Amino acid sequence: MKVVINADACTGQGRCFGIAPELFDFDDLGNGVVKGDGKVTPELVEKARLAEANCPEHAISIEE
Amino acid sequence: MSIKPPVEDFATDWDHTDPAWVANPYPIWDELREKCPVAHTDRYGGGWFPSTYELVSAVANDTDNFTSHTVVIGNGRPGEDAPPAPIGVAPPISSDPPFHHIARRLILPAFSPGVVNTIEPFVREYCGKLLDNVSAQEIVNGGSDYAQYIPVAVIRQMLGFPEKDEDLFREIVHIVMEGIDEPDMDKRIAAFEPIRIYMEEQLQDHIDHPRDDLTSYLLNAEIAGTKLLPEHIFGTILLVLVAGIDTTWSGIASSLYHLATNPKDLERLVNEPELMPLAIEEFLRFYSPVTMARLVKEDFDFNGCPMKKDDWLLLGFPAANRDPKAFPDADKFIIDRQINRHVAFGLGIHRCAGSNLARMEMRVAIEEFIKRYPKFELTDADVVTWSQGQVRGARHLPLRILS
Ligand code: HEM
Ligand code: SF4
């Protein structure tokens, strides 16, 4: 499982790195970025799903 | 200002300054969502109010048909002498694409999460001082003793303006908001004159003594090798003042109102501090402080409504946040709500640039308050007042300290 941010849709609402700092970080403009290759380890699956479900811009997707 | 007749039917004659709306807008929005998801009014020269999450999102993302040239509804329309789109009076909030993108990029680094983290200790210490000042009081006003000071101190510090001018800041916000409703352009300009002089003094001081703050940053910033126009700098500073102060003040005060009236939530937050991030998002959803506006660019049909050029559109992020289609149990405050795609900070290109800062201020202000006062209640539910207009929050909030 992998998390992906669609940079065109992300407006830096900052929910993802609030919920799952293990998976997401922010850049200089405060936009969300995926950490590393975005691979989600089993213990982070729930957090990944929560981040996806809380992004107001629907910018996060999960690739199984 | 003339006395307006009270609203009898919000579907055909809405007014966001009507006393019923100011006191408790939620039942009005619930009814509109059922009956008439895009309400109309002839007031203010004509305007529309969508009340569902879906329609609010559609408008926020539609910069082709709606302009941000004026984002606060008043009796006047933007005058001939107002700076034209796409820059507008207060970039980036008043700017449309493509200029918006440039003006926004310019200020985002100043509000990034990394910068916000460095301000947190200052906010915590400042909240502690405010609480020390009222430590002898049995009754603490959550608004006028506490919440109202916090964002003012933060913005003042970010801009690098003198500490002694903090009262003046609140006045500036007031004059700007009042001025918007003043149809007479000459009176508007006259009311604004002292602010213009004050700001020019501050800018000059920064030109003479550059330092590490947002004002000097804007003075030095360049777009494609050219320094910003003075009216751009002026407008952005004014925006930060107006957008950063009563919004966050409202967010903090409404959260304290909630805790004062819901002892179970207060107790949970005191005992389970790890709930704070979820609680902040739910405060933001349930008591969303900020409603925006747009102007219709050209005649067009929106959701079956015949919108005309220059009609207002009241962009109710708070109404969207209470839409039961978007949030199960939308009218219930659930302190640990896990899925909460709220739009309190707006959506799309104008998403609040200060959202990380605002969240941090709210969190620290509430943490410090409940650490000092783990138990408090309203002295009297009837005396609480709420601000009128597009920023909603508890204002007069007398809290009896119980422990
Ligand atoms: C709880 C507090 C706050 C709330 C609820 C809030 C809400 C909003 C909303 C809804 C917008 C969207 C405007 C639109 O769509 O037209 C916005 C924009 C903006 N806010 Fe905030 N805000 C808050 C605090 C702050 C703070 C503390 C600052 C900065 C000091 C700030 C600066 C801005 C700026 C610069 C914009 C314009 C962004 C753009 O147009 O690209 N806000 N805010
Ligand atoms: S929550 Fe969504 S909009 Fe916000 S930073 Fe993350 S991806 Fe971007």
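These numbered points walk through some features of this predicted model.

1. The iron atom of ligand 1 has Cys352(B) as its only protein donor. The donor atom is SG, and it sits at 2.3 Å from the iron. Where along chain B is this cysteine? Cys352(B) belongs to the loop between α16 (317-320) and α17 (355-372). Find that loop in the structure before you read on.

2. Next, look at how the two chains meet. Chain B puts 22 residues into the contact, and chain A puts in 17 residues. Together the chains bury about 1600 Å². Carbon and sulfur atoms give 49% of that area. Which three residues of chain B supply more of its buried area than any other three? They are Pro113(B), Arg341(B) and Arg351(B), with 34% of what chain B buries against chain A.

3. Now take a helix pair in chain B. Helix α8 (residues 149-159) packs against helix α12 (residues 230-244). Their axes are 10 Å apart, and the angle is about 160 degrees. Angles over 145 degrees count as roughly antiparallel, so α8(B) is roughly antiparallel to α12(B). The crossing of the two is right-handed.

4. Which residues make that contact? From α8(B) come Pro151(B), Ile155(B) and Leu159(B). From α12(B) come Ile237(B), Val240(B), Leu241(B) and Gly244(B). By class, this contact of α8(B) with α12(B) has six nonpolar residues and one polar residue. No charged residues take part in it.

5. Helix α8(B) also packs against α17(B). Here the angle is about 135 degrees, and the axes are 11 Å apart. The two helices are therefore oblique to each other. Is the crossing of α8(B) and α17(B) left-handed or right-handed? It is right-handed.

6. Ile150(B), Pro151(B), Val154(B) and Met158(B) lie on the α8(B) side. Leu357(B), Glu361(B) and Ala365(B) lie on the α17(B) side. Six of the residues in the contact of α8(B) with α17(B) are nonpolar, one is charged and none is polar. Note Pro151(B): it meets α17(B), and it is also part of the contact with α12(B).

7. On α13(B), the contact residues are His258(B), Leu259(B) and Thr261(B). On α14(B), they are Pro263(B), Asp265(B), Leu266(B) and Leu269(B). By class, the contact of α13(B) with α14(B) has four nonpolar, two polar and one charged residues.

8. Check the backbone too. A cis peptide bond links Pro91(B) to Pro92(B), with omega about 5 degrees. Pro92(B) is in the loop between β3 (66-67) and α5 (99-107) of chain B. The bond from Pro97(B) to Pro98(B) is also cis, and its omega is near 0 degrees. Pro98(B), too, lies in the loop between β3 and α5 of chain B.

9. Finish in chain A. His58(A) is not a glycine, yet its phi is positive, at about 55 degrees. Where does His58(A) lie? It is in the loop between α2 (45-54) and β4 (60-63) of chain A.

Terms used:
Residues numbered from 1 in each chain as written. Chains lettered and ligands numbered in written order. Predicted model: local features only at pLDDT ≥ 70, side-chain atom pairs only at ≥ 80, totals over all residues. Heavy atoms only, no water. Donors = N, O, S within 2.8 Å, 3.2 Å for Na, K, Ca; no water. Helix = DSSP H or I, 4+ residues; strand = E, 2+ residues; numbered from the N terminus. Axes fitted to C-alpha atoms, helices over the stretch in contact; angles between N-to-C directions. Parallel < 35°, antiparallel > 145°, perpendicular 65-115°, else oblique. Left-handed = near helix turned anticlockwise from the far one by under 90°. Contact = heavy atoms within 4.5 Å. Nonpolar A, V, L, I, M, F, W, Y, C, P; charged D, E, K, R; others polar. Buried area = accessible area lost by both parts, 1.4 Å probe.
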